[in-house]
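Visitor: I am new to this structure. Please show me how to read a few of its features.

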Amino acid sequence: MGLFLLKRLATLVGTLIGASIIVFLVLEILPGNAAQMLMGPDASPDAVAALATKLGLDQPAWTRYWHWIGGILTGNLGDSYAYGSPVLDLILERLALTVPLAVLAMTLTTVLALVVGVTAAARHNKMGDVGLMGMTQVGIAIPNFWFAILLILVFSVKLQWFSAGGFDGWGEGVLGGVKSLLLPALSLAVVQAAILARITRSAVLEVMREDFVRTARAKGVSQRAVLWLHVLRNAMIPVITVMGMQFSELLAGTIVIENVFYLPGLGRLIFQAISNRDLVVVRNCVMLLAALVVIVNFVVDVLYAVIDPRIKASDI
């Protein structure tokens, strides 16, 4: 187990280094000039050059890369061009919304997918199975931003149960914050839950054909206990794999959903930073998302070993 974790940690570090290089180079080759964007089209070349020097944009690319990596390691991410405040403070402020939103969306995704997937597998080739799989097919076809607008029309405009947008913060209490994030989380979760439900159904059906399932039933174990206590755990390897990828997609999906619901989260910060060509903010936010994806994949690999002790370092 120790060797397994060591190999995965080495892969994690190497992936993060590669991701940092790619993120930096991609943003470097983008057209445009941050100093020109901040000064405006009517600014004189001397003023633009002076601002570029102040921002460090006149330094070689490799020098700025090492300064950026050093800042990440020391917690100094620099100052935003547009906001004039430390990037780290901006990110931490927005993460207080984005992380709970992604976690809530992932929780809804998991609950919906496991219930629908296991229920459909238990009713294989019956009307319940056909109906649930038909619903998941519709869910896969629905764009999450369109579903978000539909939720606003129904629950905010028509029924007036929820706010149509905005976030008052966690100062109003946990329940108030969760209520503000429920519609955005549901709009993110529906598509992912539909995909995960189909994966869960297939995995459960495959495990149900194993000999130990027939043995458990022969011993008089109820079908519900067999499904939820025996079959589901052995079917979780492919399910957890998809869940890891989906959590990454949920983090990226917040960029669109936060703008639909006008939420001051990390996604909206990235959108505004791109509009302002605030490359310092964009670079660090994208790197943070990449790091979260890599860390989630690392956690998924560890869960493999926890769920199935037969997994060894030589198997990965």
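Visitor: Which helices each supply at least two residues of the lining of the second largest pocket?

Guide: A word first: this is a predicted model. Now the general idea. Rolling a probe the size of a water molecule over the atoms shows where empty space is left. Here, helix H1 (2–28), helix H4 (61–74), H5 and helix H13 (279–307) each give at least two residues to the lining of the second largest pocket. The space in that pocket is about 470 Å³.

Visitor: Which residues lie nearest the centre of the second largest pocket?

Guide: Leu16, Ile72, Leu73, Met287 and Ala291 do, out of a lining of 20 residues. By class, that lining has 17 nonpolar, three polar and no charged residues.

Visitor: How many cavities of 30 Å³ or more are there?

Guide: The count is one cavity.

Visitor: Now helix packing. At what angle do the axes of H5 and H6 cross?

Guide: Two packed helices are described by the angle between their axes and the distance between the axes. For helix H5 (residues 87–122) and helix H6 (residues 127–141), the crossing is at roughly 145 degrees, and the axes come within 8 Å. The crossing of H5 and H6 is left-handed.

Visitor: Which residues of H5 and H6 make the contact?

Guide: H5 brings Val116, Thr119 and Ala120, while H6 brings Asp129, Leu132, Met133 and Thr136. The contact of H5 with H6 has four nonpolar, two polar and one charged residues.

Visitor: Which side chains meet in a salt bridge?

Guide: Side chains of opposite charge can pair when their charged atoms come close. This structure holds one salt bridge. Arg201 and Asp129 form it, at 2.8 Å from N to O. The pair links distant parts of the chain, with Arg201 in helix H8 (residues 174–208) and Asp129 in helix H6, 72 residues apart. Look back at the helix contact too: Asp129 is one of the H6 residues there.

Notes:
Residues numbered from 1 in each chain as written. Predicted model: local features only at pLDDT ≥ 70, side-chain atom pairs only at ≥ 80, totals over all residues. Heavy atoms only, no water. 1 Å grid on protein atoms, 1.4 Å probe; cavity = no way out; pocket = protein on both sides within 12 Å on 5 of 7 lines; lining within 4 Å. Points joined across faces, edges and corners; volume = space filled by probe spheres on them. Axes fitted to C-alpha atoms, helices over the stretch in contact; angles between N-to-C directions. Helix = DSSP H or I, 4+ residues; strand = E, 2+ residues; numbered from the N terminus. Left-handed = near helix turned anticlockwise from the far one by under 90°. Contact = heavy atoms within 4.5 Å. Nonpolar A, V, L, I, M, F, W, Y, C, P; charged D, E, K, R; others polar. Salt bridge = Lys/Arg side-chain N within 4 Å of Asp/Glu carboxyl O.
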